[in-house]
Amino acid sequence: MKKDFEELKKLPKGQHKKLTRTEKEAAKDAELNAAIAAEESKDAEVVDAFDIAAPVDILSKFNTDWIVAAAALVKWNERVEKMNEIQTAANVPKLAKGSYAELFDYLLKECKHANVNVQQAGVKTIGLLAKGLRQDFAKEAKAAVPIIMPKFKERKMAEDIMTTMSEIGRAHV
């Protein structure tokens, strides 16, 4: 306290004004805004992998025949394995443009499956497609949100749903 008083004595008269609560809050807000602006300037320098990556074509592997065969599977663990194949292929920075409607419809059906593990795999896969396609996924994203949102009641799926929803949000940017 003595140090603070000594510092105030060193200042010329009229310079040691006591700030009100609102003035202190305004000063904190100004500092926070300056810190955010500095952080945004750092973020502007970061290169997005999506912009420089070569697009990967997964539609040739996951065509209509593959989708029909995967949909015909009865056991839930086999269905999850099939979706894991898609996840492995789709876990790249950028996917090639194309018609993903048929694959997407299959994934939406899997999200409605009775088994939670199948639903979770479907949600993860949709998130990876959204990540790799971004704005090319915007049309499908509108159909995915109403189906994915009610799944939040499953605690096991919450993290995957959050990741998928953030990727869907990025697709709309």
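1. A definition to start with: a salt bridge here is a side-chain nitrogen of Lys or Arg within 4 Å of a carboxyl oxygen of Asp or Glu. With that rule, a search of the whole structure finds three salt bridges. Please keep in mind that this is a predicted model.

2. On the overall fold: the protein has nine helices and zero strands. Its radius of gyration is 26 Å, whereas a compact globule of 173 residues would have one near 16 Å. The C-alpha atoms fill a box of roughly 85 × 35 × 25 Å along the principal axes. Of the 173 residues, 31% count as buried. Among contacts between residues at least 6 apart in sequence, 73% join residues at least 24 apart.

3. The protein carries 29 positive and 27 negative side chains, with the centres of the two sets 7 Å apart.

4. Which residue forms a salt bridge with Glu 110? The partner is Arg 79, with the closest N and O atoms 2.5 Å apart. This pair links distant parts of the chain, as Glu 110 sits in helix H6 (residues 101–111) and Arg 79 in helix H5 (residues 76–90), 31 residues apart. Both Glu 110 and Arg 79 are buried.

5. Helix H5 also holds Lys 82 and Glu 85, which are about one helical turn from each other because they are three residues apart. They form a salt bridge whose closest N and O atoms are 4.0 Å apart. Lys 82 has a relative accessible area of 22%, so it counts as partly exposed; Glu 85, at 29%, is partly exposed too.

6. In helix H9 (residues 158–171), Glu 167 and Arg 170 are likewise three residues apart, and therefore separated by about one helical turn. Their salt bridge has its closest N and O atoms 3.9 Å apart. Glu 167 is buried, with a relative accessible area of 12%, while Arg 170 is partly exposed at 40%.

7. Do have a look at Glu 140, in helix H8 (residues 138–148). Glu 140 is buried yet has no salt bridge; Lys 139, the nearest side chain of opposite charge, is 4.9 Å away. Leaving out residues up to four places away in sequence, Glu 140 touches Tyr 100, Ala 101 and Phe 104.

8. Lastly, Ala 35 belongs to helix H2 (residues 21–44). Its relative accessibility is 45%, so Ala 35 counts as partly exposed. Thr 22 is 13 residues from Ala 35 in sequence and 20 Å from it in space, C-alpha to C-alpha.

Technical notes: Residues numbered from 1 in each chain as written. Predicted model: local features only at pLDDT ≥ 70, side-chain atom pairs only at ≥ 80, totals over all residues. Heavy atoms only, no water. Helix = DSSP H or I, 4+ residues; strand = E, 2+ residues; numbered from the N terminus. Buried < 20%, exposed > 50% of the residue type's maximum accessible area, 1.4 Å probe, protein only. Lys, Arg positive; Asp, Glu negative; His and termini not counted. Contact = heavy atoms within 4.5 Å. Rg over C-alpha atoms; globule rule 2.2 N^0.38 Å. Charge placed at Lys NZ, Arg CZ, Asp CG, Glu CD.
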